[in-house]
Amino acid sequence: MTAGATDRIPVLEGEAAAAVAHRGGHVQIIAAAGSGKTEVVSQRVASLLKDGEQPESIVAFTFTEKAAEELKERIRERSVALLGPSATDKLGHLYVGTIHGYCFRLLQTYVPRFETYTPLDPNQLTNLLYREANRLGLRQFDQRNRVFSRIELFQQSVDVVENEYMALDAIPDGAFKDALVKYYAMLHNYRFMSFGTQIVEAVRALEIPLVHAAVTAGLKHLIVDEYQDVNPAQERLIELLAKPQGSADVVVVGDDDQAIYQWRGSHVANIVALRLATPTCRSSSCWRTVGRARTLWRSPTGSRRPSLDASRRR
């Protein structure tokens, strides 16, 4: 590797550099959009690979496929700059993608009954509900008999149940519960899974000791982007993968000024009051928080980007 390769890597300073170098504990990065947190994450992954960590031991969650592709490319660039062109061959074993995508892969790998299931995106699910609306009894959810209105209302209600990780028994008896029971039976009959059911079923699987042990055996590092948008079901998934319940040191990245998916159960408090601390590691000194800053990184030419000021919880 030439000196010119490393020159292409932006130089991080202060707590941003510390977040890349930190080992042996959870890390929380709080930063506004455009402040360079993706650079910190990508350099951290490249640094872990340089340290000899196996790509399979690193998992990075994003909230959209587009964000995943952008992060993958940034990680590739930083890894090649640090390790040379051969680094590209390793990155195929590194998971960078959506939480529901990870959950579906987990289920197909470790839970045999889901091997033949097919994931549905939101548009496909809406089309299925349109076709099955009468069988599910969705007509009753809109007095004006607007088919897409009742489907939308039903889907929003299902989202609440799944995002809050609610047990079916906790839902009051009535029309919605009856429709929900039929809905899950329909999905099972067709061997389909929505984004929400992928996450719920993965959490249920991870609560089985044998599955949990198999999934976490090789997992050492977990990165969660846009943590303020995590809902309770996703948070439970992360808790099961993270130490002490799981095996991973976690880096959570987010903006405490926004949560764009609040209607899906997420809240900005997720990033402000992180709940991964354990009874033996509850003091703030167990966490390193990288917050808004004066300088996140300085490019080789001396220009600066909007920055992060870092503060540690004490």
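1. Basis. Local features in this predicted model need pLDDT of at least 70, and side-chain atom pairs count only at pLDDT 80 or more, while totals for chains, interfaces and linings use all residues. Residues are numbered from 1 along each chain as its sequence is written, and side-chain values use heavy atoms, with hydrogens and water left out.

2. Overall make-up. The chain holds 13 helices and 10 strands (DSSP runs numbered from the N terminus: H or I of at least four residues for helices, E of at least two for strands). Of its 314 residues, 50% are buried (under 20% relative accessible area; exposed is over 50% and partly exposed in between, with a 1.4 Å probe and protein chains only). The exposed surface comes to about 15,200 Å², of which carbon and sulfur atoms supply 52% (Shrake-Rupley method, 1.4 Å probe). Among contacts (heavy atoms within 4.5 Å) with a separation of 6 or more, 72% join residues 24 or more positions apart.

3. Largest nonpolar core. This core has 35 residues, and Phe61, Leu222, Val224, Leu237 and Leu241 touch the most other members (a nonpolar core is a set of buried Ala, Val, Leu, Ile, Met, Phe, Trp, Tyr and Cys residues joined through side-chain atoms within 4.5 Å). At least two of its residues come from each of β3 (58-62), α6 (99-110), α10 (195-206), α11 (209-216), β7 (221-224), α12 (232-241) and β8 (249-254). Helix α6 gives the most, 6 residues. Apart from this core lies another, of 22 residues, including Val27, Ala68, Val251 and Val253.

4. Leucine 222. Setting aside neighbours within four places in sequence, leucine 222 contacts Val59, Phe61, Ile238, Leu241, Ala248, Asp249, Val250 and Val251.

5. Helices α8 and α9. The axes of α8 (residues 147-163) and α9 (residues 175-190) come within 11 Å and cross at roughly 80 degrees (axes are lines fitted to C-alpha atoms over the stretch in contact, and angles run from 0 to 180 degrees between N-to-C directions). The two helices are therefore roughly perpendicular (65 to 115 degrees). On the α8 side, Phe154, Ser157, Val158, Val161 and Glu162 meet Phe176, Ala179, Leu180, Tyr183 and Tyr184 of α9. These residues divide into 8 nonpolar, 1 polar and 1 charged (Ala, Val, Leu, Ile, Met, Phe, Trp, Tyr, Cys and Pro are nonpolar, Asp, Glu, Lys and Arg charged, the others polar).

6. Lysine 72. Lysine 72 sits in helix α4 (residues 65-83) and counts as partly exposed because its relative accessibility is 35%. Glycine 97 is 25 residues from lysine 72 in sequence and 8.7 Å away in space, C-alpha to C-alpha.

Methods. Parallel < 35°, antiparallel > 145°, perpendicular 65-115°, else oblique.
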